[in-house]
Amino acid sequence: MDPELRAVAEAAKGFMPPDEGLALYEAGLLADGPLLEIGTYCGKSAVYLGVAARERGTVLFTIDHHHGSEEMQAGWEHHDPSTVDPAGRIDSFPFFRETMGAAGLQDAVIAVVGDSVKIAEHWTTPLGLLFIDGAHSPEPAMADYEAWEPHVNGVLAIHDVFEDPTDGGQGPFLVYERAVADGFVPKTACGSLRVLVR
Ligand SMILES: C[S@@+](CC[C@H](N)C(=O)[O-])C[C@H]1O[C@@H](n2cnc3c(N)ncnc32)[C@H](O)[C@@H]1O
């Protein structure tokens, strides 16, 4: 991946270590058709996937309501006070725009702002890759999988998959197990990132 774009991704606020980001980029290169990400936040992972999308001649749709997950709210582990707007609510969208501007990826990355499951109810485009990195509690993580899985023709990537509960929450791991049961075949693993294909 282009070193300058890697530097933009690494400088962005967010939750994607560089080695996992590169693994995500590699997964994106396998996609045959548009890519879709649940969980934009400030656009860190969207740089890795957006570059892959552009190299594949397609686009990345990236979904977020931009008001943060539970663990990002004030008083929780991943709260960042600099993302709180004057009304006192998290708004990660300006940071996303800044990241895309720095990466020059506005042509390849399309923001879809809203609730992921609600958007899925109206979605009809087949996807070459789905990346699940939205809400991490078991119920909403599974809801994302169930809403979007029917649209995937190819690659499924899941972030924050921790087999051992002492390493992290179990939502993404339960989704991973369900995907395997549904016929997705594990292809690569890097840190907590799992890439599966079907
Ligand atoms: C872990 S962060 C994503 C991190 C990002 N992929 C990165 O590389 O830094 C999860 C994001 O999912 C979003 N989110 C949580 N539940 C959502 C939902 N139901 N619909 C849309 N976005 C949601 C939150 O607002 C938050 O920005």
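**Close-up views of a predicted model**

**Figure 1. Residues around the ligand.** Of the 21 residues around the ligand, those that come nearest are Gly-14, Gly-39, Lys-44, Ser-45 and Ala-135. Helix α3 and strand β2 (60–64) are the elements that give two or more residues to this shell. Helices (H or I, at least four residues) and strands (E, at least two) are DSSP runs, numbered from the N terminus. A residue is near a molecule or strand if its C-beta atom, placed from the backbone, lies within 6 Å of it. By class, the shell around the ligand holds six nonpolar, eleven polar and four charged residues. Nonpolar here covers Ala, Val, Leu, Ile, Met, Phe, Trp, Tyr, Cys and Pro; charged covers Asp, Glu, Lys and Arg; the others, Gly among them, count as polar. This is a predicted model: local features need pLDDT of at least 70, side-chain atom pairs count only at pLDDT 80 or more, and totals for chains, interfaces and linings use all residues. Residues are numbered from 1 along each chain as its sequence is written.

**Figure 2. The largest nonpolar core.** This core has 54 residues. Those with the most contacts inside it are Leu-24, Val-47, Leu-49, Leu-129, Leu-130, Leu-156 and Ala-157. Helix α3 (residues 44–55) supplies the largest share of the core, seven residues. A nonpolar core is a set of buried Ala, Val, Leu, Ile, Met, Phe, Trp, Tyr and Cys residues joined through C-beta atoms within 7 Å. Buried means that 20 or more other C-beta atoms lie within 10 Å of the residue's own; exposed means 12 or fewer, and partly exposed is in between, with C-beta atoms placed from the backbone. Leaving aside neighbours within four places in sequence, Leu-156 is in contact with Leu-130, Ala-179, Phe-184 and Leu-196. Contact means that the C-beta atoms of two residues, placed from the backbone, lie within 7 Å.

**Figure 3. Helix α6 against helix α7.** Helix α6 (residues 138–148) and helix α7 (residues 171–181) pack at an angle of about 35 degrees, and their axes are 8 Å apart. Axes are lines fitted to C-alpha atoms, for helices over the stretch in contact; angles run from 0 to 180 degrees between N-to-C directions. From α6 come Pro-138, Ala-141, Met-142 and Tyr-145. They meet Gly-171, Pro-172, Leu-174, Val-175, Arg-178 and Ala-179 in α7. The contact of α6 with α7 has eight nonpolar, one polar and one charged residues.

**Figure 4. Ser-116 in helix α5.** Ser-116 lies in helix α5 (residues 116–120). Ser-116 is buried because 23 other C-beta atoms lie within 10 Å. Leaving aside neighbours within four places in sequence, Ser-116 is in contact with Ile-38, Ile-63, Gly-134, Asp-144 and Ala-147. Asp-64 is 52 residues from Ser-116 along the chain, yet their C-alpha atoms are separated by 6.9 Å.

Figure 5. Gly-169 lies in the loop between β5 (152–158) and α7. With 15 other C-beta atoms within 10 Å, Gly-169 is partly exposed. Beyond neighbours within four places in sequence, Gly-169 is in contact with His-136 and Ser-137. Asp-160 also lies in the loop between β5 and α7. Asp-160 counts as buried because it has 24 C-beta neighbours inside 10 Å. Phi of Asp-160 is near 65 degrees, a positive value in a residue other than glycine.

Figure 6. The loop between β2 and α4 (93–103) holds His-66. Phi of His-66 is near 70 degrees, a positive value in a residue other than glycine. His-66 is buried, with 21 other C-beta atoms within 10 Å.
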